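The following note sets out points for a colleague who will work from the coordinates.

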Amino acid sequence: MAANPLKIAVIPGDGIGAEVMPYGVRCLQAVGRIFDVQFEFEEFDFASVDYYEKHGDMMPKDWKEKLSKFDALYFGAVGMPDRVPDDVSLWGSLLKFRREFDQFVNLRPCRLLKGVTTPLANPGDIDFYVVRENTEGEYSSIGGKIFEGTDRETVIQETVMTRTGVDRVLQYAFELAQRRNKKLTSATKSNGISITMPWWDSRVLEMSKKFPDVAVDKYHIDILTAHFVQRPHIFDVVVATNLFGDILSDLGPACTGTIGIAPSANINPSGTFPSLFEPVHGSAPDIAGKGIANPVGMIWAGQMLLGHFGYHEAADALLKAIENVLARSEPHILTADMGGKGDTKSLGEAIEKEILAMK
Ligand code: ATP
Ligand code: MG
């Protein structure tokens, strides 16, 4: 269990990120009051395009020093492409956090909550996590082009897998599986990618020896995506390389609802640097400023934060509160993306009230 109080840097960012953040904080405060978890929140205005337009940079020079002392970053969304190009805003903030804070695990829950519509015909009981390697693999930026502009034009981009990098994400995934239902699925493609993926498989096998109580299976990425859609209830923890994990961690949540409700965590399991908890959605310029964004992704990200620090009772209660409110399907409470007539405030406050009514 982490320190109590939990020190949290609140970074609302841009667009709807800043609109949903207050409800995320309020729900954490509410659940903290009931389950005796203390928080120390400090809000930062950087990692936003407003900050960029004032200072010419997304963040102050000493951002790392400022944020390192926190247990976690609670992050809204960044980017307003009409004002600042996405590569500038993203590389100047969120991707810096991931890299410099060595958040080598990306974790996404895929859980079908009552009251949420799924595009799947026969979803069954979906409740699993995708664990994505977040720092190396296929996204190496190593490679090059030769004979550009000629018919001999050739491009190469390398995949980089290191034993340290792979083992540490596998270790995290196995530990998660051990705490849950002791079942782990590895995404591979060793029948087509003949050097790196068989080696990935061998590291999975090696790690599995340390976790004899965890049942392990593996699927090639192509059939695995089909199973996500056709038999998602068979999964518990799915671990994948950077590229495969990128795909699976969008596909999984897409099977369990709208983009407005999905949360995500970028985790540094060692705790050397803070981990980051955020909604999957971006700043959504098309609906920003209207107060109609769904706050559930932000609130659920707070639930992941609690779970990460071992506050499982509080985390379970927060998820239950979200589920209870959504399950009632009250049109005046739900936001438009869920078919309702409510807004950020009605849904955010309903969840906060649901938490406060517990116990
Ligand atoms: P990113 O910034 O991650 O690249 P994006 O900016 O392309 O993503 P989002 O901001 O996630 O995309 O928005 C995609 C679509 O989903 C938009 O039409 C947006 O209005 C809608 N959307 C996203 N988040 C929410 C939300 N919380 N509530 C309602 N609608 C949302
Ligand atoms: Mg965006």
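Is Lys182 buried, exposed or partly exposed, judged by its C-beta neighbours inside 10 Å?

1. Lys182. The model is predicted, and within it Lys182 counts as partly exposed, because it has 15 C-beta neighbours inside 10 Å, whereas a buried residue would need 20 or more and an exposed one 12 or fewer. Lys182 sits in the loop that runs between α6 (163–179) and β8 (183–188). Its phi is near 60°, which is a positive value in a residue other than glycine.

2. Asp102. A positive phi is also found at Asp102, a residue other than glycine, where the angle is near 50°. Asp102 belongs to the loop between α5 (94–100) and β4 (105–111).

3. Confidence. The average pLDDT of the chain is 96, and 99% of the residues score at least 70. For the model, ipTM is 0.94 and pTM is 0.94.

4. Overall form. The chain contains 12 helices and 12 strands. Its radius of gyration is 21 Å, close to the 21 Å that the globule rule gives for 359 residues, so the chain is as compact as a globular protein of that length. Along the principal axes, the C-alpha atoms fill a box of roughly 60 × 50 × 40 Å.

5. Packing and contact range. Of the 359 residues, 47% count as buried. When contacts between residues at least 6 apart in sequence are considered, 75% of them join residues at least 24 apart.

6. Domains. The chain is divided into two parts: domain 1 comprises 1–106 + 261–359, and domain 2 comprises 118–256. Taken over C-alpha atoms, the centres of domain 1 and domain 2 are separated by 26 Å. Domain 1 contributes 9 residues to the contact and domain 2 contributes 12 residues. On the side of domain 1 that touches domain 2, the residues comprise 5 nonpolar, 3 polar and 1 charged.

7. Ligand 1. Which residues are the closest to ligand 1? They are Gly260, His281, Gly282, Ala284 and Asn294, within a surrounding set of 15 residues. By class, the shell around ligand 1 has 5 nonpolar, 8 polar and 2 charged residues.

8. Leu113. This residue is placed in the loop between β4 and β5 (127–133). Leu113 is buried, because 21 other C-beta atoms lie within 10 Å and the threshold is 20 or more. Apart from residues up to four places away in sequence, Leu113 touches Ile322, Glu323 and Leu326. For Leu113 and Leu326, 213 residues apart along the chain, the C-alpha separation is 7.8 Å.

9. Val130. Strand β5 holds Val130. Is Val130 buried or exposed, given its C-beta neighbours inside 10 Å? Val130 counts as buried, because it has 29 such neighbours against a threshold of 20 or more. Beyond its neighbours within four places in sequence, Val130 is in contact with several residues, including Arg108, Cys110, Val238, Ala240 and Leu248.

10. Arg203. Helix α7 (residues 196–208) includes Arg203. Arg203 counts as partly exposed, with 17 C-beta neighbours inside 10 Å. Leaving aside neighbours within four places in sequence, Arg203 is in contact with Val166, Asp167 and Leu170. Between the C-alpha atoms of Arg203 and Glu19, 184 residues apart along the chain, the separation is 43 Å.

11. Val88. Helix α4 (residues 86–91) is the location of Val88. Val88 counts as partly exposed, having 15 C-beta neighbours inside 10 Å. The C-alpha atoms of Val88 and Met58 are separated by 8.1 Å, and the two residues are 30 residues apart along the chain.

Terms used
Residues numbered from 1 in each chain as written. Chains lettered and ligands numbered in written order. Predicted model: local features only at pLDDT ≥ 70, side-chain atom pairs only at ≥ 80, totals over all residues. Near = placed C-beta within 6 Å. Nonpolar A, V, L, I, M, F, W, Y, C, P; charged D, E, K, R; others polar. Domains from an automatic or database assignment. Contact = placed C-beta atoms within 7 Å. Helix = DSSP H or I, 4+ residues; strand = E, 2+ residues; numbered from the N terminus. Rg over C-alpha atoms; globule rule 2.2 N^0.38 Å. pLDDT = per-residue confidence, 0-100.
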